[in-house]
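We will take them one at a time.

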Amino acid sequence: MADYNEELDASGLNCPLPILRAKKKLNTMESGQVLRIIATDPGSVKDFDAFAKQTGNTLLSTEEEGDKYAFFIKKK
Amino acid sequence: MSDEKKLAIIATKGSLDWAYPPLILASTASALGYETEIFFTFYGLAMLKKKLNLQVSPLGNPAMPMPMPVPVIMQAMPGMQAMMSSMMKKTMKKKGVASVEELRDLCLEAEVRMVACQMTVDLFDFDTKDFIDEVEYGGAATFFEFAGKSDICLYI
């Protein structure tokens with residue numbers, strides 16, 4: 001998948017921590033930059049979609065690899 | 001007045017399990033861009049103590065999953081509540097669920113406004129020195145000042 005500027009490992013964390021950590025990380029980034037988030041919480045698939053829709057950041061793609069998920073979010 | 005969405009929560013319960021809904025929703029709402037206020041009243045004030053010691057009790061809670069069946073009379077034995085609380089905290093840690101302390105810190109960091117009900121503080125003779133410094137004190141009218149403009153209002 002595409003390039004990314006920053007990465008966040010939220011493996012093992014449960015709702016709502018992956019979202020909260022991602023938000024915190026995005027705050028430190030610049031507009032247009034891409035954050036890759038790794039998570040293991042199955043609920044995070046729907047949650048990152050909802051997060052993106054509500055915050056105006058773009059969810060570029062979601063990848064699933066075994067029991068891990070990778071989300072690519074482009075900062076608004 | 002900002003055009004951010006607003007979430008107002010009344011938190012009335014002070015057990016470990018009931019501390020989660022208001023703190024999870026408030027911290028998440030902040031991450032989504034909501035301006036958020038929690039009004040803590042009655043037992044909800046326990047969530048504002050500097051030193052948190054929230055407990056969970058299986059008593060009166062037949063839906064609580066137990067690692068093994070424990071007769072209700074045994075659940076009332078001394079030490080049972082402390083044991084259940086400690087087991088619950090361990091399970092939460094293992095499952096990657098945030099601690100109440102962590103969620104509260106995240107709320108404060110996100111500038112969730114925390115208002116303690118002055119009447120209940122007086123009623124229970126609580127010492128405000130035992131509460132975290134970020135707490136503001138107010139009454140029902142203070143709550144409505146914010147809640148009246150809110151998009152979502154929850155009583156927990």
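**First stop: a helix in chain B**

Select α1(B) and look at its buried residues: Leu16(B), Ala19(B), Pro22(B), Leu23(B), Leu25(B), Ala26(B), Ser27(B), Thr28(B), Ala29(B), Ser30(B) and Ala31(B). Keep in mind as you look that this is a predicted model.

What covers these buried residues of α1(B)? Within chain B, the cover includes β1 (6-11), β2 (35-40), α3 (80-94), α4 (100-109) and β5 (152-155).

Now put a distance between the end C-alpha atoms of α1(B), residues 16-31: they are 23 Å apart. At 1.5 Å a residue, its 16 residues should span 22 Å, so the two values agree.

**Next stop: where the chains touch**

Display both chains and pick out the contact, to which chain A gives 11 residues and chain B gives 11 residues. On the chain A side, select α1 (17-27) and α2 (44-55), the elements that give two or more residues to it. The largest share, 4 residues, comes from α1(A). Colour that side of chain A by residue type and you will find 6 nonpolar, 4 polar and 1 charged.

**Last stop: confidence**

Finally, colour by pLDDT. Chain B averages 94, and 99% of the residues score at least 70. For the complex, the predictor gives an ipTM of 0.87 and a pTM of 0.91.

Note on methods:
Residues are numbered from 1 along each chain as its sequence is written. Chains are lettered from A and ligands numbered from 1 in the order in which they are written. This is a predicted model: local features need pLDDT of at least 70, side-chain atom pairs count only at pLDDT 80 or more; totals for chains, interfaces and linings use all residues. Two residues are in contact if their C-beta atoms, placed from the backbone, lie within 7 Å. Ala, Val, Leu, Ile, Met, Phe, Trp, Tyr, Cys and Pro count as nonpolar, Asp, Glu, Lys and Arg as charged, and the others, Gly among them, as polar. pLDDT is the predictor's confidence in each residue, from 0 to 100. The expected span of a helix is 1.5 Å times one less than its number of residues. A residue is buried if 20 or more other C-beta atoms lie within 10 Å of its own, exposed if 12 or fewer, and partly exposed in between; C-beta atoms are placed from the backbone.
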